[in-house]
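Please examine the following model and set its computed values against the definitions behind them.

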Amino acid sequence: ALAHLRMTIDELIGNLPEDQQTIILLRIDGHGINEIAQQTGRAKRTVERILQRFRTQLEILCETEQSS
């Protein structure tokens, strides 16, 4: 199940623009919101929105796969 989740996350990340991929991967690696904002030159709120959008997309994808 964990391997399948990782594949789903990788697929979802692969469809994002490069700057958003960087933000997601930094968060997965355990970096904080403020640190990610500093490293990427993006506003903290922008980082939060990108992460929230990614979480929502991941939830929808997982729910869709569970019901099929």
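Q: What places Gln 20 in helix H2?
A: In this predicted model, Gln 20 belongs to helix H2, which spans residues 18–28. Helices are DSSP runs of H or I with at least four residues, strands are runs of E with at least two, and both are numbered from the N terminus. Residues are numbered from 1 along each chain as its sequence is written.

Q: Why is Gln 20 called buried?
A: The relative accessible area of Gln 20 is 17%. Buried means under 20%, exposed over 50%, and partly exposed in between, with a 1.4 Å probe and protein chains only; Gln 20 is therefore buried. Of the 68 residues of the chain, 26% count as buried.

Q: Which residues does Gln 20 touch, not counting residues up to four places away in sequence?
A: Gln 20 touches Ile 50 and Arg 53 under that exclusion, a contact being heavy atoms within 4.5 Å. Local features need pLDDT of at least 70, side-chain atom pairs count only at pLDDT 80 or more, totals for chains, interfaces and linings use all residues, and side-chain values use heavy atoms, with hydrogens and water left out.

Q: How many helices and strands does the chain have?
A: The chain has four helices and zero strands, and its elements run α-α-α-α from the N terminus on.

Q: What share of the contacts between residues at least 6 apart in sequence joins residues at least 24 apart?
A: That share is 42% in the chain. The C-alpha atoms fill a box of roughly 40 × 20 × 20 Å, taken along the principal axes.
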